[in-house]
Amino acid sequence: MQSDSLMKRLTALFLSVACYGSAGCLFGDPPASPTNYTIVSPVTETFQSALAVGATASFNFVIGSPDPLRITLASVTNSASGAALSSQTLKLQLGTRAGDTCTPTFTTTTAAALSPQYLQVASPGNYCVIVSDPGTLTTTVNFAVRIVHS
């Protein structure tokens, strides 16, 4: 009998503690407000052009929020036949733009790929992408560069 009474007391104590804990969570101070963040959807821009032997082409864009900047030389094709030139490399540069001047801050010579050749967090500002013949073109090519930013 004494063990039944002890069990009832322990059960009552357990339920009291459980209810008190729940009530404290339910009726206590509200949690701190979360920090307000602005969610910006990424912008995808495509820079497509023909590139002749020894030539250079450039594209200007503006970044509004500090977020990842992805630049991908996505395709290089023969202008005459349209055939993909998977091993043809082009010089790809990212720069900051002031007026009509583009000052390169990143340079690579690369073939077209599915993943970005450049991926960094960029500050808001005026930017440019430059695509040029690294000295290996023998004919005019078409190219496409994908730029993803916010």
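How many aromatic pairs does the count come to in this structure? The count comes to five aromatic pairs. The points below concern a predicted model, and they begin with these rings.

1. **Phe47 and Phe59.** One of the five aromatic pairs consists of Phe47 and Phe59, which are stacked, with 5.3 Å from centre to centre and 20° between the planes. The pair links distant parts of the chain, since Phe47 belongs to strand β1 (residues 43-51) and Phe59 to strand β2 (residues 56-63), twelve residues apart. Phe47 and Phe59 are both buried.

2. **Phe61 and Tyr127.** A second stacked pair is made by Phe61 and Tyr127: the ring centres are 5.9 Å apart and the planes stand at 20°, an angle under the 30 degrees that count as stacked. Here too distant parts of the chain are linked, with Phe61 in strand β2 and Tyr127 in strand β7 (residues 125-132), 66 residues apart. Phe61 is buried, as is Tyr127.

3. **The aromatic cluster.** Ring pairs join Phe47, Phe59, Phe61, Tyr127 and Phe143 into a cluster.

4. Val129 illustrates the packing: leaving aside residues up to four places away in sequence, Val129 touches Phe47, Ala57, Ser58, Phe59, Phe61, Ile71, Leu92, Gln93, Val145 and Ile147.

5. **Overall composition.** Of the 150 residues in the protein, 27% are buried. The accessible surface comes to about 9,700 Å², and carbon and sulfur atoms account for 57% of that surface. Among contacts between residues at least 6 apart in sequence, 78% join residues at least 24 apart.

6. **The open sheet.** Which strands form the open sheet, and in what order? Four strands form the sheet in the order β2-β7-β4-β5, with antiparallel pairing. Strands β2 and β5 stand at the edges with a single partner strand each, so one side of each has no neighbour in the sheet. From one strand to the next, the twist averages 25°.

7. **Pairing of β4 with β5.** Strand β4 (residues 90-98) and strand β5 (residues 101-110) run antiparallel and are joined by nine bridges. Leu94 has Phe106 as its bridge partner in β5, while the bridge partner of Lys91 in β5 is Thr109. The hairpin of β4 and β5 has two residues between the strands, and Gly99 in this hairpin takes a positive phi near 65°.

8. **Pairing of β4 with β7.** On this pairing, six bridges join β4 to β7, and the two strands run antiparallel. Thr96 has Tyr127 as its bridge partner in β7, which places a member of the aromatic cluster within this pairing. Gln93 stands opposite Ile130 in β7, and Gln93 is also one of the residues touched by Val129.

9. **Ala52.** Is Ala52 buried, partly exposed or exposed? Ala52 counts as partly exposed because its relative accessibility is 34%, which lies between the limits of 20% for buried and 50% for exposed. Ala52 is placed in the loop between β1 and β2. Its C-alpha atom is separated by 6.6 Å from that of Thr139, although Ala52 and Thr139 are 87 residues apart along the chain. Not counting residues up to four places away in sequence, Ala52 touches Asp133, Leu137 and Thr140.

Terms used. Residues numbered from 1 in each chain as written. Predicted model: local features only at pLDDT ≥ 70, side-chain atom pairs only at ≥ 80, totals over all residues. Heavy atoms only, no water. Phe/Tyr/Trp six-rings, centres within 6.5 Å; stacked < 30°, edge-to-face > 60°. Buried < 20%, exposed > 50% of the residue type's maximum accessible area, 1.4 Å probe, protein only. Contact = heavy atoms within 4.5 Å. Areas by Shrake-Rupley, 256 points an atom, 1.4 Å probe, with all protein chains shown as cover. Pairing = 2+ DSSP bridges. Axes fitted to C-alpha atoms, helices over the stretch in contact; angles between N-to-C directions.
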